[in-house]
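Me: I would like to learn how to read the features of a model such as this one. Could we go through them one after another?

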Amino acid sequence: MLLASIDSIPGKNFEVLGMAKGTVVQSKNFGRDFMAGLKTLVGGEIVGYTEMLNEARQIATKRMVDEAQALGADAVIGVRYGSSAVMQGAAEVVAYGTAVKFI
């Protein structure tokens with residue numbers, strides 16, 4: 001499955017099938033959350049949260065691709081990601097784009 005953040009694929013004609021999206025709410029375990037809180041005192045990257053968000057993006061992307069495949073898509077264009085905190089230590093990640101079939 002081709003994923004692209006651009007709104008068209010040069011040299012390709014396509015039919016729009018609709019929006020494809022994937023979402024996940026990911027949380028950290030208490031021990032890692034506690035350690036991340038200590039890290040804020042000294043500064044620097046909070047690796048545990050970076051890992052959590054990377055994993056959440058991967059899951060959301062897979063769910064978006066699965067939805068696009070169910071529509072019969074060859075690609076998803078205009079791919080975007082969004083995120084928000086839903087509670088302390090948990091974040092929602094959304095992946096979305098336009099599912100297209102090449103003609």
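Me: Which residue in β4 does Ile77 stand opposite?

Reply: Ile77 stands opposite Thr98 in β4. This is a predicted model, in which local features need pLDDT of at least 70 and side-chain atom pairs count only at pLDDT 80 or more, while totals for chains, interfaces and linings use all residues. Residues are numbered from 1 along each chain as its sequence is written, and side-chain values use heavy atoms, with hydrogens and water left out. Strands (E, at least two residues) and helices (H or I, at least four) are DSSP runs, numbered from the N terminus, and two strands pair if DSSP finds at least two bridges between them. Here β3 and β4 pair in the antiparallel sense over ten bridges, with Ser83 opposite Val93 in β4. The two strands form a hairpin with two residues between them, and Gly89 in the turn has a positive phi of about 85°.

Me: In what order do the strands lie in the sheet, and why is one side of β1 and β2 left without a neighbour?

Reply: The sheet is open, with its four strands in the order β1-β3-β4-β2 and mixed pairing. Because β1 (2-3) and β2 stand at the edges, each has a single partner strand, and one side of each is left without a neighbour in the sheet. β2 is joined to β4 by 13 bridges in the antiparallel sense, and Gly18 has Ala99 as its bridge partner in β4.

Me: Is Glu15 buried, partly exposed or exposed, and what does it touch?

Reply: Buried means under 20% relative accessible area and exposed over 50%, with partly exposed in between (1.4 Å probe, protein chains only). Glu15, in strand β2, has 42% relative accessibility and therefore counts as partly exposed. Contact means heavy atoms within 4.5 Å; leaving aside neighbours within four places in sequence, Glu15 is in contact with Ala99, Val100, Lys101 and Ile103. Glu15 and Val100 are 85 residues apart in sequence, yet 5.5 Å apart in space, C-alpha to C-alpha.

Me: Which residues make up the largest nonpolar core?

Reply: In soluble globular proteins, nonpolar side chains tend to be buried together. A nonpolar core is a set of buried Ala, Val, Leu, Ile, Met, Phe, Trp, Tyr and Cys residues joined through side-chain atoms within 4.5 Å. The largest one has twelve residues: Ala20, Val24, Ala56, Ala60, Met64, Ala68, Ala73, Val76, Val79, Val93, Ala95 and Ala99. Two or more residues come from each of β2 (14-27), α2 (47-70), β3 (75-87) and β4 (90-102), and α2 gives the largest share, four residues.
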